[in-house]
Amino acid sequence: MTDHTTTNAATTASTAATSARTTTGRRRARLLVPAALAVLALTATASVSAVAAANTSPKAAQTTTIQHTAVGQAHHGDAKNPKAMLDAWIRLWNGDSSQAPRIISPGFRVHAALMDGSDSGSIRGAEGVVAWIGQIRAAFPDLYFSEEVRPLVDGKYASVRWTVTGTYAGGFPGAKAEPGTVVTFTGTDTLRMKDGKFVEYWLNSDTLELLGQLQVG
């Protein structure tokens, strides 16, 4: 009887001890979980603070400003960006005369063999170029230029290979082609840049191909 009672008492004591350890463990777990979450929260806050500090540092602010400026320049077609200038030059030939004052210097000079035999040196500045383009487009109202080869830029010089297509409207000296004839020919524009504008222009176009399509001669 005594042994049995003693055994039960020992078992009860062991169970109580185990229960106490379990309860203590659970309490510790409850304490550790919030503590772990707090550590994680502090770590995340520190990381965010570090990133924010880096982003507000002078170097980061300068980088951000440069990136925004570059995007703004690309969006507005900065006149000091050669490729943006060439893009505006193509649009000018496609009839957008508003581009002329922005990209063409007042002293702009043209070097080209004009089909009417006149002196290309008489074409000066933005107004001269716009008038010249207007004369050409009078015979081909829907004239459309597109890049055939990506522009090449080397220092102060830029060059673009283009293809042009247009519908002949009549009035070209010596042409036997009927109005409505579609013509296509190619050429290369080489331009010299200075102070964010074009100052000189060399034209090399396949005039013989154009005259053949117009049945001149």
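These legends go with a set of close-up views of one predicted protein model. Residues are numbered from 1 along each chain as its sequence is written, and side-chain values use heavy atoms, with hydrogens and water left out. As this is a predicted model, local features need pLDDT of at least 70 and side-chain atom pairs count only at pLDDT 80 or more, while totals for chains, interfaces and linings use all residues.

**View 1. The chain as a whole.** The protein chain has six helices and five strands, where helices (H or I, at least four residues) and strands (E, at least two) are DSSP runs numbered from the N terminus. Of its 217 residues, 27% are buried; buried means under 20% relative accessible area, exposed over 50% and partly exposed in between, with a 1.4 Å probe and protein chains only.

**View 2. The largest pocket.** About 730 Å³ of space lies in here. A pocket here is an open set of points on a 1 Å grid over the protein atoms alone, where a 1.4 Å probe fits, with protein on both sides within 12 Å along at least five of seven lines; lining residues have an atom within 4 Å of a point. The volume is the space filled by probe spheres set on the points, which are joined across faces, edges and corners.

View 3. Helix 5 (125-139) is among the elements that supply at least two lining residues each, along with strand 4 (182-194), strand 5 (197-205) and helix 6 (207-213). Helix 5 gives the most, with six residues.

**View 4. W89 against Y201.** This aromatic pair is edge-to-face, 4.9 Å centre to centre with 70 degrees between the planes. Rings of Phe, Tyr and Trp (its six-membered ring) pair if their centres lie within 6.5 Å; planes under 30 degrees apart count as stacked, over 60 as edge-to-face and the rest as tilted. W89 sits in helix 3 (residues 82-93) and Y201 in strand 5, so the pair ties together parts 112 residues apart in sequence. W89 is buried at 0% relative accessible area, and Y201 is buried too, at 1%.

**View 5. Y157 and W202.** These rings have centres 6.3 Å apart and planes at 50 degrees, so the pair is tilted. Y157 is partly exposed at 36% relative accessibility, and W202 is partly exposed at 32%.
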